[in-house]
Amino acid sequence: MIKNLLLLLVGTLVFMNGCTLAPEYTRPEAPIPAGWPTGAAYRETKTSGEAPIPLELNWPQFFTDEKLQKLIQIALTNNRDLRLAALNAERARAFYGIQRAELFPTFTAGGSFYKERVPADLSSTGSRRTTERYDVNLGVISWEIDFFGRIRSLKDQALEEYLATEEARRSAQILLVSAVANTYLALAADREGLRLAETTLDTQKDAYHLIKRLCDVGLTSQLDLNQAQTQVDTARRNIAVYTQLVAQGENALSLLVGSSSPVPSELLPADLDRVRAPEEISPGLSSEVLLLRPDILAAEHQLKAANAVIGAARAAFFPRISLTTAVGTASAELSGLFDSGSGTWTFAPRIILPIFDARLWSAYDATKVQKDIALAQYEKAIQTAFKEVADALAVRGTVDEQVSAQQSLVDALSRTYRLSATRYAKGIDSYLGVLDAQRSLYAAQQVLIALRLAKLANQVRLYAVLGGGSE
């Protein structure tokens with residue numbers, strides 16, 4: 001009997017390796033153009049001579065600034081959001097293990113002792129008696145035999161959901177890397193803005209002291225002195241603003257890094273001029289690279305999970321067969337438990353056939369709708385990714401011209417400011433021309449810093465939206 005039972009279990013497990021009732025999955029067509037946008041705003045995509053696509057380029061290769069590399073490494077170790085994403089993936093893997101274990105029988109071993117005293121008036125022999133029973137059993141309790149793939153479909157769903165959370169963890173890691181890089185670059189830009197404000201204040205103080213001396217001897221008016229004072233006060237205010245921004249940037253960087261103490265000063269950027277720019281990357285010629293983005297892979301795994309649930313809903317219309325069985329030994333005496341002829345066994349299969357249950361049809365309809373929802377979310381994720389890459393490519397194709405034009409403007413305004421100051425010193429023009437030139441120059445210098453930051457930040461953005469390497 002034991003041999004026959006083992007053969008039954010093995011045969012059933014082999015049978016369960018067959019197909020489920022889930023629809024065959026095929027990857028949907030991507031609802032985006034095959035290639036990237038073209039036009040005046042986009043730089044022509046090259047087939048060679050550029051860096052490989054980001055999925056082949058890990059972040060240490062992309063971010064070449066040594067300080068930034070160290071900060072990213074610390075963040076990958078300490079950041080709480082990333083740790084939470086990793087724990088969610090571990091939990092999903094454990095749930096998958098639980099669901100997968102439902103496919104296999106659970107063997108239990110147990111022993112029992114039973115002793116009963118029966119009075120004479122209740123005894124079949126007419127005399128009181130005491131009975132004893134000793135049992136030792138090895139058995140399977142209520143194991144559902146998955147003939148129609150219901151449990152296997154649920155196992156497939158749990159697997160896809162685990163893989164989706166793992167892709168979500170990868171996506172969170174890429175977002176963390178890009179967030180650290182963007183915060184680092186923004187802090188460098190704010191530090192450069194602070195340096196510019198401090199230089200401007202020194203210049204304005206020198207101008208104020210010169211005008212005050214001229215005013216004291218009657219060579220200029222009190223109006224010029226007051227106008228010079230406004231420039232000094234404006235520069236002082238700008239220093240306070242940038243000092244605040246630098247402090248807030250350091251706090252944001254400390255939060256992303258996740259360490260218990262502030263970021264060491266030796267890892268903070270000096271200014272934007274001294275930051276090593278990330279590597280230039282190419283998106284390639286085909287938009288199919290987006291299908292390997294972690295968030296899109298996660299959406300596809302959710303679509304596969306919804307497809308698997310349909311199989312479980314279909315299997316619910318078919319009979320469910322469960323098996324309870326045990327083999328063991330029993331004896332009236334403890335010493336006789338394992339004697340010849342003391343063996344026992346039970347075999348109790350059970351079948352449940354649904355005759356009428358309106359909920360099954362509604363549940364089946366719900367699974368099909370859920371798959372349609374997952375499909376729409378998958379397609380929306382692809383379209384959103386395409387838009388994000390197209391926006392980044394548009395910035396990449398135009399930002400160099402913006403920086404070049406702004407640098408030319410700064411150079412021209414610098415010359416204008418020097419000429420205005422010289423003409424004022426010679427008494428040719430009023431101080432109003434100097435004020436106007438200085439304001440225009442300072443504003444143009446701020447815009448130039450912002451554009452240089454935008455160029456570097458867009459390189460980081462393009463790396464992230466293409467699903468850049470995260471290892």
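**Sheet and helix packing in the predicted model**

Four strands make up an open sheet in the order β1-β2-β3-β4, with antiparallel pairing; strands are DSSP runs of E with at least two residues, helices are runs of H or I with at least four, and both are numbered from the N terminus. Two strands are taken to pair if DSSP finds at least two bridges between them. β1 (107-118) and β4 stand at the edges, each with a single partner strand, so one side of each is left without a neighbour in the sheet. From one strand to the next, the twist averages 25 degrees. The model is predicted: local features need pLDDT of at least 70 and side-chain atom pairs count only at pLDDT 80 or more, while totals for chains, interfaces and linings use all residues. Residues are numbered from 1 along each chain as its sequence is written, and side-chain values use heavy atoms, with hydrogens and water left out.

Within the sheet, strand β2 (residues 129-145) runs antiparallel to β3 and is joined to it by ten bridges. Val-136 has Thr-329 in β3 as its bridge partner. Strand β3 (residues 320-331) is in turn joined to β4 by ten bridges, again antiparallel, and Ala-326 stands opposite Thr-346 in β4. Of the ten residues of β4 (residues 343-352), zero are buried, so the strand lies largely in the open. Buried denotes under 20% relative accessible area, exposed over 50%, and partly exposed in between (1.4 Å probe, protein chains only).

Helix α8 (residues 358-425) and helix α9 (residues 431-465) have axes that come within 8 Å and cross at roughly 160 degrees. This makes α8 roughly antiparallel to α9, a term applied to angles over 145 degrees. Axes are lines fitted to C-alpha atoms, for helices over the stretch in contact, and angles run from 0 to 180 degrees between N-to-C directions. By class, the contact of α8 with α9 has 22 nonpolar, eleven polar and six charged residues. Nonpolar covers Ala, Val, Leu, Ile, Met, Phe, Trp, Tyr, Cys and Pro, charged covers Asp, Glu, Lys and Arg, and polar covers the others, Gly among them.

Ala-464 is located in helix α9 and is buried, with a relative accessible area of 14%. Leaving aside neighbours within four places in sequence, Ala-464 is in contact with Ile-174 and Ser-178, contact meaning heavy atoms within 4.5 Å. Gln-231, in helix α6 (residues 222-257), counts as buried at 5% relative accessibility. Not counting residues up to four places away in sequence, Gln-231 touches Gln-204, Leu-435, Gln-438 and Arg-439.

Technical notes. Angles under 35 degrees count as roughly parallel, over 145 as roughly antiparallel, 65 to 115 as roughly perpendicular and the rest as oblique.
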